[in-house]
Amino acid sequence: MYKQEIDAAKQHFASILEAQLGRIERMKQDEGFIDYQNLDKIIIGIVGGDGIGPYIANQAHRILAELLADKIKAGKVELRTIEGLTIENRIARMQAIPDDVLAELRQCHVVLKGPTTTPDQSTGMPNIESANVSMRREFDLFANIRPVRVAELNIDWMFFRENTEGEYALGSLGLNVTPDLAVDFKVTTTQGSRRIIRAAFEYAKLHGRKRVTIVTKANVVKTTDGKFLSIAKEIAKEYPDITCDDWYIDIMTAKLIDPSRRSEFEVMVMPNLYGDILTDEAAQIQGGVGTAGSANIGTQYAMFEAIHGSAPRMVAEGRAVYADPSSLIKASVMLLEHIGVNLEAERLQMALDICSQFECRVKLTGRSDGATNEAYTDYILETVALPDLRERYQQFLSRLQTK
Ligand code: IPM
Ligand code: MG
């Protein structure tokens, strides 16, 4: 029965295995991280994306242009706008990232990217892969790093989401074996797990964080998550000063909203899909997905973005100018840190905290009763430029501690 279908499925599976084994060989050739300080000029690509993307990317662009003005003038940094990563163009070309756009992206060292619409067959769009997923794979951006901080709740979380494997690696290569049987694949490799888990521990060590939490569903998804968890436990032994604990994803989602427990978590590391879900939940606690930025880091390339989508509803309702640009501003902080522009990164982070968590003089609501993203960005730029920014920031912090 179904011999033909099963044979076709076997062939499909064989080609998947070959490609994944090839990927493992490439991962084994560890090239080491690029050193931005050695470059004559750092090229930062700016991609608007879809929906609210171009609106909020424009605001982040203004901020980067301001904070990097001296370096741009001296020819040390270039901000380069990259057009064409739009859903219309992607559908017209039937490519997740059109070839010419990919070639332009490759010429940059880092990219700041607005959200791109992910085609979903159920809405009548063609079955093209997500531009995000495609970009993460093309540039081997294995670490998706997502900070969530709520000073008032004493929350300071750093999520390390594996970014190239799990259910995402073959998300567009699942199989309808028969009209009744659909199969997707989940991929976990030794090399892929080691590099993200090590990145989490190294981050903890470098920043004096005392705890790394591993999140899986290894009790049920035994082979792939089981591998991830056992590798994590091995690596943890190399970091005796850091406590390592592990949680299953279901109870972890509950603990993030448990006030008696949540502020104890520090650095968390997990396979791709769990990281996708958990970081949206975490961002909601911080004030919504619109407030959360994200870094996608590989050894040779990095991409910085929001954690949310392109919000087509906001655009359809004429509210795009009220979309919160904080996610891409936070992503800009991470970008500046990544290329070693640390002082400006720190100032921007302080300004963002003052404007969004402490002083909150200009409020965004996502609607016309709140500020536009341009007005909010003006507020951030004004705050960044304050000569007494650091003192003000300290005042806010100490006021919080005496509350
Ligand atoms: C994210 C997004 C993406 C993901 C989508 C747009 C493909 O939700 O960056 O978290 O699922 O990774
Ligand atoms: Mg997501």
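Trainee: What makes us say that both faces of β8 are covered?
Mentor: On one side of β8 sit R211, T213 and V215, on the other V212, I214 and T216, and all are buried. Buried means under 20% relative accessible area, exposed means over 50%, and partly exposed lies in between, with a 1.4 Å probe and protein chains only. Helices (H or I, at least four residues) and strands (E, at least two) are DSSP runs, numbered from the N terminus.

Trainee: Before we go on, where do these values come from?
Mentor: This is a predicted model, in which local features need pLDDT of at least 70 and side-chain atom pairs count only at pLDDT 80 or more, while totals for chains, interfaces and linings use all residues. Residues are numbered from 1 along each chain as its sequence is written, chains are lettered from A and ligands numbered from 1 in the order in which they are written, and side-chain values use heavy atoms, leaving out hydrogens and water.

Trainee: How do you know that β8 pairs with β9?
Mentor: Two strands pair if DSSP finds at least two bridges between them. β8 and β9 run parallel and are joined by 6 bridges, so they meet that requirement. In β9, R211 stands opposite T243, and V212 has C244 as its bridge partner.

Trainee: In which sense do β8 and β10 pair, and over how many bridges?
Mentor: β8 and strand β10 (residues 267-270) pair in the parallel sense over 3 bridges. Here V212 stands opposite V267.

Trainee: What makes β2 and β9 edge strands?
Mentor: The open sheet has 10 strands in the order β2-β1-β3-β12-β11-β4-β5-β10-β8-β9, with mixed pairing. β2 (77-82) and β9 (243-248) each have a single partner strand, so one side of each lacks a neighbour in the sheet. On average, neighbouring strands of this sheet are turned by 20° against each other, direction ignored. An antiparallel pair is found between β4 (residues 143-150) and β11 (residues 293-297), over 3 bridges, with N144 bridged to N296 in β11.

Trainee: Why are α2 and α14 called roughly parallel?
Mentor: Angles under 35 degrees count as roughly parallel, over 145 as roughly antiparallel, 65 to 115 as roughly perpendicular and the rest as oblique. The axes of helix α2 (residues 53-67) and helix α14 (residues 373-384) come within 10 Å and cross at roughly 20°, which makes α2 roughly parallel to α14. Axes are lines fitted to C-alpha atoms, for helices over the stretch in contact, and angles run from 0 to 180 degrees between N-to-C directions. The contact includes Y55 and I56 of α2 and N373 and E374 of α14; contact means heavy atoms within 4.5 Å.

Trainee: And how do you know that α12 is roughly antiparallel to α13?
Mentor: Helix α12 (residues 326-338) and α13 pack at about 155°, with their axes 7 Å apart. That angle makes α12 roughly antiparallel to α13. Among the residues making the contact are S326 and I329 of α12 and N342 and E344 of α13.

Trainee: Is R23 buried or exposed?
Mentor: R23, in helix α1 (residues 3-28), has a relative accessible area of 11%, so R23 is buried. R23 touches T164, E165, V187, T189 and R195, leaving aside residues up to four places away in sequence.

Trainee: Why is K28 called partly exposed?
Mentor: K28 also lies in helix α1, and its relative accessible area of 48% makes K28 partly exposed. The C-alpha atoms of K28 and Q191 are separated by 7.1 Å, although the two residues are 163 residues apart along the chain.
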